[in-house]
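Q: Could we go through the salt bridges in this structure together?

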Amino acid sequence: MKLKFFIFFFFIFNAAFSQKKLVDGYIILKGTSDTVKGKIDDLDWKYNPVSVNFVSVSTGEKTYKTNELKAFGIYNKEYYEVKTIDLDITPSQLELLLKTPQIIIKKDTTIALMVLVKADHQLSYLADREGKTHFFYQNKSETKELIDHKFLQPVNWDTYFVHNKVYLNQLDTLFRACSKKLKTKSVRYIIEDMVDVFTQFNDCLGCTSTCYVKKTDDKNTVALNLIAGFDLNTVNQNLMEKDTKVFEDKSLQTSLTFGIGASVSSKRSRGSNIFYTELLIKKTDVENKYYQTGFLNFTLSELYRKYFISYSRFKLFGGVGMGLSYRHSTGLKFTDLTAPNGKWYVINYTKMSVDGLVEVGFELNRFQLFNRLRYKFFNPSETHALLLHQNTVSVSRFTNELCISYQFLRKKKSI
């Protein structure tokens with residue numbers, strides 16, 4: 001009987017132990033400043049944890065209550081600090097809402113807060129077991145909850161739902177320290193919005209900040225753009241008969257440009273770093289009193305864009321990149337009756353070119369306006385010949401592009 005009990009207990013213990021997911025982490029014990037590195041049992045906490053299973057060489061395997069710790073975390077995933085705070089415990093679920101505007105505060109509550117933005121002005125997060133979400137602002141002197149208050153208001157024979165976004169007024173007061181106006185009216189009480197606005201606030205004050213957001217909340221933003229615009233470049237024309245110049249000209253030419261672009265940015269970068277790919281098609285027509293010619297240019301470009309500090313929907317950006325161009329000639333047609341007739345043969349034609357480019361621009365809502373300087377490492381040119389005549393048309397290495405684009409599709413995808 002004892003043997004059966006021992007075997008049963010062994011399998012139960014082994015099954016329980018095998019379900020542990022030990023990952024690299026750390027703890028800082030209460031009253032100390034030393035970081036103890038080891039393994040933490042990653043339980044993918046839906047709610048902020050009240051205990052932590054930790055294994056290290058110095059401590060062995062042990063379960064710590066969060067009130068025994070100063071901080072703990074899982075590397076590259078979640079970071080927690082244990083704080084004693086005043087906690088809003090007012091019910092937030094619709095069926096439990098109070099019929100009074102009273103906010104119920106539980107004083108001196110010791111709890112583990114997940115750090116979302118680590119900075120001089122810090123943002124932390126709590127998901128409690130009553131299904132309520134909390135955000136906390138912290139500086140060197142205090143940790144204070146940003147309150148989102150919901151209640152029911154009886155009026156005569158009716159009852160009305162009231163959503164008092166106290167946190168918006170709190171943010172307005174806090175952000176007065178910033179020299180630029182941070183718009184808070186559209187800030188929702190969700191991780192993405194709160195992380196974004198607190199990062200902007202710290203950037204405005206010149207503080208270094210690090211965003212810690214759960215990987216499950218991290219998303220890529222994929223967008224597609226339609227592009228239209230024009231470019232300016234210099235076209236050199238040279239018509240020779242034997243060794244005599246019949247015609248020579250250098251002029252600015254305008255080309256219409258159309259295309260499509262696609263961009264990918266990570267939520268962890270808050271949309272400030274974007275990898276952008278585009279395909280542009282443009283047509284250049286060259287015409288004078290002697291002849292007509294033209295080119296179709298197909299350019300595939302890959303850019304890195306950096307969005308600077310954005311305080312509204314208006315965002316400034318700059319970018320650098322490389323491009324690969326293919327040029328197709330639409331042929332040569334003479335308009336001067338004295339010009340020789342017959343088939344002009346191409347004797348020199350540069351079809352491919354590698355480009356380098358820099359750009360500056362701004363984004364407003366889904367529209368982007370940008371100016372771009374493109375440099376061709378191989379100078380595009382073509383030469384036609386017939387009998388004793390030779391005609392050469394070349395395009396300058398530098399091209400200036402001015403384009404507007406519209407983001408017609410934007411989708412967030414978890415990674």
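**Salt bridges and burial**

Q: Is Lys77 buried or exposed?
A: Lys77 is buried, with a relative accessible area of 18%; buried means under 20%, exposed over 50% and partly exposed in between, with a 1.4 Å probe and protein chains only. This is a predicted model, in which local features need pLDDT of at least 70, side-chain atom pairs count only at pLDDT 80 or more, and totals for chains, interfaces and linings use all residues. Residues are numbered from 1 along each chain as its sequence is written, and side-chain values use heavy atoms, with hydrogens and water left out.

Q: Which residue forms a salt bridge with Lys77?
A: The partner is Asp42, with the closest N and O atoms 3.0 Å apart. A salt bridge is a side-chain nitrogen of Lys or Arg within 4 Å of a carboxyl oxygen of Asp or Glu.

Q: What does that pair tie together?
A: Lys77 lies in the loop between β5 (69-74) and β6 (78-88), and Asp42 in the loop between β2 (35-41) and β3 (51-56), so the pair links parts 35 residues apart in sequence. Strands are DSSP runs (E, at least two residues), numbered from the N terminus.

Q: And Asp42, buried or exposed?
A: Asp42 is buried, at 6% relative accessible area.

Q: Changing topic, how far apart are the closest N and O atoms of Arg374 and Glu401?
A: They are 2.9 Å apart, in a salt bridge. Arg374 lies in strand β21 and Glu401 in strand β23 (residues 389-414), so this pair ties together parts 27 residues apart in sequence.

Q: Which residues are in the network with them?
A: Salt bridges that share partners join Arg374 and Glu401 with Glu278, Arg305, Asp355, Glu359 and Arg372.

How values were computed:
Helix = DSSP H or I, 4+ residues; strand = E, 2+ residues; numbered from the N terminus.
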